[in-house]
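I opened this notebook to look up how side chains pair with one another in the model.

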Amino acid sequence: MNIKDLLKPESILINADVKTKDEAIRTLIDLHDKAGNISDKEVYTEGILKRESESTTAVGEGIAIPHCKSGAVAHPGLTAMTVPEGIDYGAPDGKPSNLIFMIAAPLDGDLHLEVLSRLMTLLMDLDLRQKLLTAKSGQEFLDMLTEAEKAKYPDEVVDEPEDSAKPEAAEAQAEPDDHYRVLAVTACPTGIAHTYMAAEALNQKAKEMDIPIKVETNGSGGAKNILTPEEIEQAEAIIIAADKNVEMARFDGKKLLSTKVADGINKPEELINEALSDDTPIYHHKGGGAHVKSSGEPESAGHKIYKHLMNGVSHMLPFVIGGGILIAIAFLIDTIAGAPRDGNFGTYTAAAAFFKAIGGVAFNFMLPVLAGFIAESIADRPGLAVGFTGGSIATLGCTFASPTGDTAAVSGFLGALLAGFIGGLIVILLRKLFAWLPETIARMMPVLIIPVLGVLLMGMFMCAINPVVGLLNTGLTNALKSMNGTSSILLGAIVAGMMAIDMGGPFNKASYIFGTMMLSEGVYNIMAAVMIGGMIPPIAIALSTTFFKNRWTENERKSGPVNYVMGLCFITEGAIPYAAADPLRVIPACIVGSAISGAMSMAFGCELMAPHGGIFVFPVVTHVVGYLIALVVGSLVSMVLLSLLKKKKTDEEQKDEGSGEGLVLE
């Protein structure tokens with residue numbers, strides 16, 4: 001597929017008589033409709049207008065490229081028009097737009113996006129733009145584009161292009177003898193037009209300036225030309241030209257210039273010079289765990305595993321929280337109604353059954369989503385289907401593969417974790433095994449070969465390991481359910497204390513994930529201990545800054561009340577600035593209070609089905625009075641310990657805002 005497969009002479013309007021942006025948009029949509037590119041004109045129009053509301057699709061220099069991905073697109077296509085006088089399209093350079101293309105992209109598939117990105121690259125040629133404006137007919141206009149395409153890509157057969165139809169900005173950058181001085185990332189909300197034009201502009205200008213550059217494009221087909229840790233380490237500066245979020249943790253400790261994608265198109269030289277300037281600030285990532293070392297060293301294997309795991313957990317939590325709270329509400333309704341606590345508890349009353357049914361649907365997505373997004377983090381978008389399949393088999397078991405219909409082979413949370421990591425590795429392995437395929441066939445990899453073989457291999461793997469992992473999972477669950485007395489109290493103290501060790505770091509996350517894992521197995525008391533343990537540190541610090549003011553600086557006291565809210569909302573990270581300022585006193589005091597609260601929660605038999613929410617989910621906690629007592633006692637113990645461990649400050653120290661202990665809570 002190439003440009004002339006997407007753009008037809010009859011879809012090109014020469015010297016269009018349009019006066020406004022809205023008129024131009026609707027005229028181009030009419031051309032798509034007549035060409036049969038769209039199945040629902042109204043739906044497609046809504047998509048185009050929604051994209052325009054996000055930011056203008058005018059890129060400057062007389063060009064505008066309205067575009068959207070829509071389910072109303074029957075066939076990928078282009079329409080175009082020339083406007084002699086130009087119209088006000090809201091271009092960043094303030095100039096009128098007189099050359100306008102409209103892209104119709106379907107929701108599925110990526111090949112057409114690669115070809116469309118080629119169009120963006122061609123339009124960076126000023127001579128070509130001027131020639132297109134002189135065209136007398138649609139056929140002449142198309143012939144000019146086709147001729148430019150042949151000249152730009154002389155090694156490719158334009159009539160039967162291979163999957164290398166990518167802009168030079170995204171893939172064809174020559175590696176320098178030493179290293180890239182500048183690295184860049186370009187991205188726009190839809191990842192179709194501006195992304196590739198900005199990349200091409202930066203590459204062209206860097207070539208003129210004799211500055212080695214590499215540009216990563218975060219387009220609609222996924223990230224291309226991805227920057228490696230070694231390249232980031234060696235680079236002098238980073239440019240982020242993007243109108244959407246990109247992965248930033250990897251640039252920690254590097255000079256970084258961040259701007260909108262339009263600047264990448266219109267001001268490439270200015271951006272390159274500014275990025276290399278001595279005045280460009282060093283970027284310090286504030287995202288907690290997802291953090292690249294300031295030295296630029298490559299990520300360790302442990303950190304990569306942690307990052308992939310947290311990608312799965314972060315996507316899983318909304319399903320667990322939503323489903324868990326609704327199920328807990330169902331239990332609360334039946335409790336109020338006096339229903340017996342037997343196998344039907346939670347469905348005795350009509351209202352309870354309603355909440356439990358909806359919550360159960362959401363809750364059952366927990367393990368497939370966990371596995372799917374772990375695999376996606378490892379292998380990008382192709383890993384999603386493979387991971388989801390593994391997570392579903394971990395949830396449902398392999399009854400379809402068992403002649404006896406055995407339902408015991410359910411591997412649960414442990415199986416889903418394994419499925420996520422193995423699913424990502426399966427996709428990576430398939431890519432390497434089929435790397436020898438011709439590019440014309442290789443383009444079917446993400447849409448045919450990987451989904452079919454990946455899902456098949458994942459299914460075979462899960463059916464093989466489900467019985468073994470299922471036994472481990474069942475054994476662990478039964479052991480935890482059978483714990484009582486001293487053993488359960490000790491477990492509660494451990495998981496709650498871990499929440500206060502690093503307050504959002506690996507120990508905290510390990511405890512939290514363990515509590516969430518137990519939710520999926522029907523063990524709810526551990527999650528209650530985990531949450532209360534995470535609430536204690538910020539509440540204790542807030543209490544101490546209120547009642548023991550002479551232990552804190554003026555800035556610490558001012559920020560203290562914020563921690564009441566953060567603690568009650570189960571945001572342990574509110575305590576981090578205080579712990580960082582005086583770790584040897586603050587952290588032990590918080591650990592003791594958290595451990596006591598977790599132990600008391602277990603002793604009172606408190607249970608919680610929601611993995612988040614703080615005080616807002618207290619109504620669905622079993623034995624909520626005991627839970628409140630545990631929260632108060634743990635907070636007071638930590639507060640008293642803080643007052644004993646921290647030294648009294650002199651009047652000067654209390655007022656000293658420049659001592660390094662002043663805080664800004666983020």
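**Aromatic pairs.** I took the rings of Phe, Tyr and Trp (its six-membered ring) as a pair if their centres lie within 6.5 Å, calling planes under 30 degrees apart stacked, over 60 edge-to-face and the rest tilted. By this rule I counted seven aromatic pairs. Helices here are DSSP runs of H or I with at least four residues, strands are runs of E with at least two, and both are numbered from the N terminus.

For exposure I used relative accessible area, with buried meaning under 20%, exposed over 50% and partly exposed in between (1.4 Å probe, protein chains only). Phenylalanine 319 is partly exposed at 30% relative accessibility, and phenylalanine 365 is partly exposed at 40%. I then turned to phenylalanine 618 and tyrosine 627, an edge-to-face pair with 5.1 Å from centre to centre and 65 degrees between the planes. Both phenylalanine 618 and tyrosine 627 are buried.

**Ground rules.** I note that this is a predicted model, in which local features need pLDDT of at least 70 and side-chain atom pairs count only at pLDDT 80 or more, whereas totals for chains, interfaces and linings use all residues. Residues are numbered from 1 along each chain as its sequence is written, and side-chain values use heavy atoms, with hydrogens and water left out.

**Charge over a ring.** The charged end of lysine 646 sits over the ring of tryptophan 552, at 4.6 Å from the ring centre.

**Salt bridges.** My criterion was a side-chain nitrogen of Lys or Arg within 4 Å of a carboxyl oxygen of Asp or Glu, and the count by this rule is 14 salt bridges. Glutamate 52 and lysine 21 form one of them, at 2.9 Å from N to O. Glutamate 52 lies in helix H3 (residues 41–54) and lysine 21 in helix H2 (residues 21–35), so the bridge ties together parts 31 residues apart in sequence. Glutamate 52 is buried at 10% relative accessibility, whereas lysine 21 is partly exposed at 24%.

Aspartate 22 bridges to arginine 26, with 3.2 Å between the closest N and O atoms; the two are four residues apart in helix H2, and therefore separated by about one helical turn. I found a further bridge between lysine 558 and glutamate 554, whose closest N and O atoms are 3.5 Å apart. Lysine 558 is exposed at 55% relative accessibility, while glutamate 554 is partly exposed at 24%. I also recorded a network of salt bridges that links Lys205, Glu208 and Glu269.

**Whole chain.** I listed 26 helices and eleven strands in the protein chain, and buried residues make up 51% of its 666 residues. Taking contact to mean heavy atoms within 4.5 Å, I noted that 73% of the contacts between residues at least 6 apart in sequence join residues at least 24 apart.

Terms used. Lys NZ or Arg CZ within 6 Å of the ring centre and 35° of its normal.
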